[in-house]
Amino acid sequence: MVTGTTTAGTTLAEVMAELAGLEDAKTRAVNERHGDDHGVNLGKLRALAKRLKTRQDLAYGLWETDDTAARLLALLICRPKAYGRDELDTMLRGARTPKVHDWLVNYVVKKNPHAEELRVAWTADPDPVVASAGWALTTERVARKPEGLDLAGLLDVVEAEMKDAPDRLQWAMNHCLAQIGIEHAELRARALDIGERLEVLKDYPTSPGCTSPFAPAWIDEMVRRRADA
């Protein structure tokens, strides 16, 4: 089993053995409730990634195992810019679990030069899980680089399609709606109105101290925090 002296020469078999040793039944039970079929504590997974550092060769091998914990580790030790457009498209479509899907989009695709091309293609994809990745990338642009985006047009789509969208796509569209309302004061009233009328995630259970994902509440809370800052 790999120890704290992990070096660049660590093999795929050694890493897989350590991942197997980190497997915990209680962690797996919690993860499986969210659709993620692995039992490795994410803090320990990140610690392993920190020891391994960037290892693109190992990342490829880990991804090919189709093991969820291995794929999550691969996404932490890879070089995001090393992947081609078609390669990322294939990886996304083969990402079986929500956590792998989210980490692939957030840790790899967002840092890849093909991100914008993939954003456009994925948003229009008939597969709602693939489309949700496109909306996640769009939300990133709304917040960081909105120039060139048709924000009013995005609100039109949200207004027409979010209410009946499948869960993952609905969640991604709702995030985009909230981000438009938070970042763009001139569209805030419309974003709030859409959220109030559609009532998507209005009754979503929210822990004390956490912000509700219901778009109007989310927008109001984030705007308030910025005003108080």
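This is a predicted model: local features need pLDDT of at least 70, side-chain atom pairs count only at pLDDT 80 or more; totals for chains, interfaces and linings use all residues.
Helices here are DSSP runs of H or I with at least four residues, numbered from the N terminus. Residues are numbered from 1 along each chain as its sequence is written, and side-chain values use heavy atoms, with hydrogens and water left out.

**Largest pocket**

I looked up its volume and got about 900 Å³. A pocket is an open set of points on a 1 Å grid over the protein atoms alone, where a 1.4 Å probe fits, with protein on both sides within 12 Å along at least five of seven lines; lining residues have an atom within 4 Å of a point. Volume is the space filled by probe spheres set on the points, which are joined across faces, edges and corners. I found 25 lining residues, with Pro98, Asp102, Arg168, Trp171 and Ala172 nearest the centre. The lining divides into nine nonpolar, eight polar and eight charged residues. Asp, Glu, Lys and Arg count as charged, Ala, Val, Leu, Ile, Met, Phe, Trp, Tyr, Cys and Pro as nonpolar, and the others, Gly among them, as polar.

**Second largest pocket**

Here I read about 230 Å³. Helix 8 and helix 9 are the elements that give two or more residues to its lining, and helix 9 gives the most, with four. I sorted this lining into two nonpolar, no polar and seven charged residues; among its members are Ala115, Arg119, Glu140 and Arg144.

**Helix 8**

Next I checked which residues of helix 8 (115-123) are buried, and they are Ala115, Leu118, Arg119 and Trp122. Because they cover an arc of only 110° around the axis, they sit on the same side of helix 8. The arc is that of the directions from the helix axis to the C-beta atoms. Buried means under 20% relative accessible area, exposed over 50% and partly exposed in between (1.4 Å probe, protein chains only). I saw these buried residues pack against helix 6 (85-93) and helix 9 (128-144), with contact meaning heavy atoms within 4.5 Å.

**Aromatic pair**

I counted three aromatic pairs. Rings of Phe, Tyr and Trp (its six-membered ring) pair if their centres lie within 6.5 Å; planes under 30 degrees apart count as stacked, over 60 as edge-to-face and the rest as tilted. The rings of Trp103 and Tyr107 have centres 5.1 Å apart and planes at 40°, so this pair is tilted.
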